[in-house]
Amino acid sequence: MSESDPPVVLIVEDEPDVAETYKLWLQGDYEVRMGQNGDEGLELLDESVDVVLLDRMMPGLSGDEVLSEIRKRDLGCRVAMVTAVEPDFDILEMGFDAYLSKPIRSEQLHDTVTNLLERSEYDSMLQEYYALVEKQATLEATKSSAELAESEQYATLTEEIAEMREGLDDTLGGIEDDDDFIATLRGLSNGEEE
């Protein structure tokens, strides 16, 4: 992507009305491509795609299968699952960067795309950290405290995040809390690295 080209967003959604709505919301700021199913989405996917908005439940190739193929191709694009499927602990094994539950609003979609584009500029450790924190936040928003407490997968995720956090604190110079961490990341993404 050159400086003058807008970022490319690929929408993979089997409901035409929903896909058109997302396109209308985004087309002023981004080059938007649309695939009506998993196969079409993969055909439209190349190195120029920056963000994929991926429905999880589609006829033919599911969003989970498309996501797996995207990661196998190692194109470096960010992927947001945009779906009506209630998240469960299976999301811990998935390689998405954001998880949006339908129905979504225009502002929410714009914010997600903007955040994913910013994350693309971070190094791989920060991207992995953000993906894990996104999964943690998704589960915490949809599961009860009891369900989380009983889940070994959730406990492992929490430990992984804590370990990565320590490594990032060392790398970024000892950040006190999440607000400082987020502020530091925003500063790095704006070229204010010290």
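Tutor: Let us start with packing: the buried residues of helix 1 pack against strand 1 (8-12), strand 2 (31-35), strand 3, strand 4 and helix 4 (106-119). Here, contact means heavy atoms within 4.5 Å, and buried means under 20% relative accessible area, exposed over 50%, partly exposed in between, with a 1.4 Å probe and protein chains only. Helices (H or I, at least four residues) and strands (E, at least two) are DSSP runs, numbered from the N terminus. This is a predicted model, in which local features need pLDDT of at least 70, side-chain atom pairs count only at pLDDT 80 or more, and totals for chains, interfaces and linings use all residues. Residues are numbered from 1 along each chain as its sequence is written, and side-chain values use heavy atoms, with hydrogens and water left out.

Student: Which residues of helix 1 are buried?
Tutor: An α-helix has 3.6 residues a turn, so residues three or four places apart point the same way. In helix 1 (residues 16-26), the buried ones are Val18, Ala19, Tyr22 and Leu26. They cover an arc of only 100° around the axis, so they sit on the same side of helix 1; the arc is that of the directions from the helix axis to the C-beta atoms. The exposed residues Asp17 and Leu24 are carried on the face of helix 1 turned away from its buried side.

Student: What covers the buried residues of helix 3?
Tutor: Helix 3 (residues 63-73) has Gly63, Val66, Leu67 and Ile70 as its buried residues. Viewed down the axis of helix 3, these fall within an arc of 100°, so they line one face of the helix. Their cover includes helix 2 (38-44), strand 3 (51-54) and strand 4. Just after helix 3, Asp74 takes a positive phi of about 50°.

Student: How many aromatic pairs does the structure hold?
Tutor: A pair of aromatic rings is described by the distance of the centres and the angle of the planes. Rings of Phe, Tyr and Trp (its six-membered ring) pair if their centres lie within 6.5 Å; planes under 30 degrees apart count as stacked, over 60 as edge-to-face and the rest as tilted. The structure holds two such pairs. Tyr22 and Trp25 form a tilted one, 5.9 Å centre to centre with 35° between the planes. Both lie in helix 1, three residues apart, about one turn of the helix. Tyr22 is buried at a relative accessible area of 5%, whereas Trp25 is partly exposed at 28%. Phe96 and Tyr99 also form a tilted pair, 5.4 Å centre to centre and 55° between the planes, and both are buried.

Student: Where does Asp55 lie, and what does Asp55 touch?
Tutor: Asp55 lies in the loop between strand 3 and helix 3 and is buried, with a relative accessible area of 3%. Not counting residues up to four places away in sequence, Asp55 touches Val12, Glu13, Asp14, Gly63, Val82, Thr83 and Lys102. Thr83, in strand 4 (residues 78-83), counts as buried at 0% relative accessibility. Leaving aside neighbours within four places in sequence, the contacts of Thr83 include Asp55, Arg56 and Tyr99.
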